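Here are my notes on the model you sent over.

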Amino acid sequence: MSSSSTPGLSRFNDADDSTAAAELHEACASRAWGSKILAQRPYATPDALFAASDAAMAELTADDLAEAMAGHPPIGRPKPGDPTSHREQSGMAGASDELKAEMLELNLAYQEKFGHVFLICASGRTGEQMRDAVRNRIDNTPEQEREIVRVELGKINRIRLTRLTELAEGDAA
C-alpha cells in the first residue's frame, strides 16, 4: 500500500511539523516518541510508520513512558468530550454499576502501587476482561509492569496511527 492510496498518510507526510506533531501527540503523549516519528517522515507505507512507532516505543525511558501514560484517563472514566477515549473504552460503557465501582477501586489500588493509571489497550475488551487484567497485573513488580505498559502503549499507538493513516483531510478523528 503506497501513501498515495492512504490519504491520511499522505496528509500526515505533507503536514507542517507543528500540525504533524500535534497529531502524533494525540496518538501518544510522549514527546520523545513523537519527535522520533516526526524526524523520519515521509513514510512510504503505513507499515513503515508502524515499524518506526514500534522502534521509538522500544527506546522510551521510564520518564518517557510516564509522560505517555499521563495522556491516558483511567479505565472507566474516559476523557469528557474525547471521542477517541470513549471509543477505546466502549467495553466499559454497558458495565454494571457494581463493575464500574470495582474498576474504580482497582484503578485506585493500582495507581497507589505503581504511581500511574492502569494502562491497557482497551479496544475490543469487555469491562470484565479489563477488570481481570488489572487484578492479574496488580501483583507485578514495577519493572514487569513498565514493560507490559510499553507493549500496551505500542498496541494503542498502532490503533491510533492506523486511524490517522486512514483519515482524509476534513475527517473527524
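**Notes on the model**

1. Surface first. The protein chain exposes about 8800 Å², and carbon and sulfur atoms supply 52% of that area. Keep in mind that this is a predicted model. Of the 173 residues in the protein chain, 45% count as buried.

2. In soluble globular proteins, nonpolar side chains tend to be buried together. Here the largest nonpolar core has 41 residues, and Phe-12, Trp-33, Ile-37, Ile-75 and Leu-153 have the most contacts inside it. At least two residues of this core come from each of α1 (7-14), α2 (17-27), α3 (31-39), α4 (46-59), α5 (62-69), α7 (97-114), α8 (127-137) and α9 (142-166).

3. Which residues does Trp-33 touch, leaving aside its neighbours within four places in sequence? The partners are Leu-24, Ala-27, Cys-28, Ser-53, Ala-56, Met-57, Leu-60, Asn-157 and Leu-161. Trp-33 is also one of the core residues with the most contacts inside the core.

4. Have a look at how α1 meets α9. Two packed helices are described by the angle between their axes and the distance between the axes. The axes of α1 and α9 come within 5 Å and cross at roughly 90°, which means α1 is roughly perpendicular to α9. On the α1 side the contact is made by Pro-7, Gly-8, Leu-9, Arg-11 and Phe-12, and on the α9 side by Leu-164, Thr-165 and Glu-166. By type, the residues of this contact divide into 4 nonpolar, 2 polar and 2 charged.

5. Staying with α9, check Arg-150, which sits in that helix. Is Arg-150 buried or exposed? Arg-150 counts as buried because its relative accessible area is 14%, and the cut-off for buried is under 20%. Not counting residues up to four places away in sequence, Arg-150 touches Met-57, Ala-58, Glu-59, Leu-60 and Leu-65.

6. Val-149 is found in helix α9 too. Val-149 has 1% relative accessibility and therefore counts as buried. Leaving aside neighbours within four places in sequence, Val-149 is in contact with Met-69, Tyr-110, His-116, Leu-119 and Arg-137. Val-149 and Ile-120 are 29 residues apart in sequence, yet 7.1 Å apart in space, C-alpha to C-alpha.

7. One backbone detail to check before you set anything up. Most residues other than glycine have a negative phi, and most peptide bonds are trans. Arg-41 and Pro-42, however, are joined by a cis peptide bond, with omega about 0°. Pro-42 lies in the loop between α3 and α4. With a relative accessible area of 62%, Pro-42 is exposed, because the cut-off for exposed is over 50%. Pro-42 and Ser-10 are 32 residues apart in sequence and 8.4 Å apart in space, C-alpha to C-alpha.

Methods:
Residues are numbered from 1 along each chain as its sequence is written. This is a predicted model: local features need pLDDT of at least 70, side-chain atom pairs count only at pLDDT 80 or more; totals for chains, interfaces and linings use all residues. Side-chain values use heavy atoms; hydrogens and water are left out. Buried means under 20% relative accessible area, exposed over 50%, partly exposed in between (1.4 Å probe, protein chains only). Accessible areas come from the Shrake-Rupley method with a 1.4 Å probe; for residues, only the protein chains shown count as cover. A nonpolar core is a set of buried Ala, Val, Leu, Ile, Met, Phe, Trp, Tyr and Cys residues joined through side-chain atoms within 4.5 Å. Helices (H or I, at least four residues) and strands (E, at least two) are DSSP runs, numbered from the N terminus. Contact means heavy atoms within 4.5 Å. Axes are lines fitted to C-alpha atoms, for helices over the stretch in contact, and angles run from 0 to 180 degrees between N-to-C directions. Angles under 35 degrees count as roughly parallel, over 145 as roughly antiparallel, 65 to 115 as roughly perpendicular and the rest as oblique. Ala, Val, Leu, Ile, Met, Phe, Trp, Tyr, Cys and Pro count as nonpolar, Asp, Glu, Lys and Arg as charged, and the others, Gly among them, as polar.
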